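Hi,

Here is the structure we talked about. Please have a look, then read my notes below.

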Amino acid sequence: PSDLAYSLLYALQAQTKALNPTEGIAMTQVLQVVGSPSLGGAERFFARLVNGLYEQGTEVAAVMRPHSGIAEQIDPGVRHLYLPMRNMFDHYSRWRISSLISDLKPSVVQTYMGRATWLTRLSERKGLVHVARLGGFYNPKRYRHAHYWVANTTAICDYLRQHGFPPDRIRLIPNFVEAAAPLEPDETVQERRKIGIPEDALVVMAAGRMIEKKGFQDLLLAFAGLPKTINGRPLYLQILGIGADFTKLRTLAMQLGVQQRIRWAGWRADLGPYYSAADALVCPSRHEPFGNVLLEAWSYGVPVVCTDTHAARELIKHGENGIVVPVRSPKAIAGSLLSLLGEESAASSQLIKGGRETLRVRFGKDQVIASYQSLYEELAICGASRVSRRHKAICSTSATRNESPRRALGYESGAIAT
């Protein structure tokens, strides 16, 4: 559709549905905005957080793209708003986000990833606060105009500080996943039947976007190096996700002769049946800031093997709650899987117990929701008055002077404590 068609469509929606004044517009406390076109780990966390805030009594509204799959994950009691947000230069969506903010009057606007963050612009004079939430080492240019930043790992917090973001406006709040009830053995058999895997099989699972940095090519090479059976049980690989490398990966699987023992499931909104059917999860990424799949696996009682990325360093204690292997090492992945799946249940049980304990202590739903609510309450009280105009002015001009924003602000000289 043309830009004009999109403009007419969403303008009509705004008038007839999204901005119905009888639906309590002024009650929105937090506006959550995500511009992703598909449903991945970050998008599933967006839905979990929105639902969790709503359950805890926070007045929240969600802005997202239509047909992205995210809306289906969000409680129907939450206010759903739709904008095209087709790219970073979608001026219509930028204008509509500003209009929504003016009408809904939230205390805090929280955006996710580059597109939604870049399209959201708030004036300090209106007392509103823009919180940008980061789950990766993104281009800082796209986030610098926000007022506060939430990162889900210590490494990302450090990254922001290193790029001159004010330390006192950076918050560390991790992700969480919903607790999953363990299945009985007969229920596991039923789940395997649903996805076409033999009842007695050993199942290795992986999930993620099929792009090079996710390391699926390394996983396929590792799987090809494993025997077809372990202790008399057939070995299968279950892969969930889509992406630009899907065809290339399918071709590699056929070349390696393992295609018949791989199940390609695509994207699935409900991952529960797949985790329930798995005996181990592999996160083979070459670059992974956090790794929601690790939390999800722990929740379902699945032991994990993860490459030595930021995610592993942030989440895993080798041998206690998971197994860490070198990046780009199919041989190491294969060796760890063979050891894990070929051992008695004691070793696997220890990793499962450790994973669940890590999830409970560090990544519990109640703790994470409470951390966000505390931040929103703090920002609602202080408004944007604490946002430093000097910081914005210096950061916007330091690049043209080829000067470090940290040095310009005094961080590197020791004038300001970090």
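**The open sheet**

Strand β2 (residues 60–64) and β3 run parallel and are joined by 4 bridges. In that pair, M64 sits opposite Y82 of β3. Please keep in mind that this is a predicted model.

The pair belongs to an open sheet of 7 strands, ordered β3-β2-β1-β4-β5-β6-β7. The pairing is parallel. Strands β3 (79–82) and β7 (170–172) stand at the edges. Each has a single partner strand, so one side of each lacks a neighbour in the sheet. From one strand to the next, the twist averages 20°. As background, strands of a sheet pair through backbone hydrogen bonds, either parallel or antiparallel.

**Helix α2**

Helix α2 covers residues 41–55. At 1.5 Å a residue, its 15 residues should span 21 Å. Its end C-alpha atoms are 21 Å apart, which agrees.

How many residues of α2 are buried? The count is 12 of the 15, so the helix is largely enclosed by the rest of the structure. Buried here means under 20% relative accessible area. Among the buried residues are R44, F45, F46 and R48. G57 follows α2, and its phi is positive, near 95°.

**Strands β10 and β11**

Strand β10 (residues 233–240) pairs with β11 in the parallel sense, over 4 bridges. L237 has I262 of β11 as its bridge partner. Together with helix α8 (residues 246–256), β10 and β11 make a right-handed β-α-β unit. In β11 (residues 262–266), 4 of the 5 residues are buried, so this strand is also largely enclosed by the rest of the structure.

Best wishes

Definitions and conventions:
Residues are numbered from 1 along each chain as its sequence is written. This is a predicted model: local features need pLDDT of at least 70, side-chain atom pairs count only at pLDDT 80 or more; totals for chains, interfaces and linings use all residues. Side-chain values use heavy atoms; hydrogens and water are left out. Helices (H or I, at least four residues) and strands (E, at least two) are DSSP runs, numbered from the N terminus. The expected span of a helix is 1.5 Å times one less than its number of residues. Buried means under 20% relative accessible area, exposed over 50%, partly exposed in between (1.4 Å probe, protein chains only). Two strands pair if DSSP finds at least two bridges between them. A crossover is right-handed if, with the strands pointing away from the viewer, the path from the first strand over the helix to the second runs clockwise. Axes are lines fitted to C-alpha atoms, for helices over the stretch in contact, and angles run from 0 to 180 degrees between N-to-C directions.
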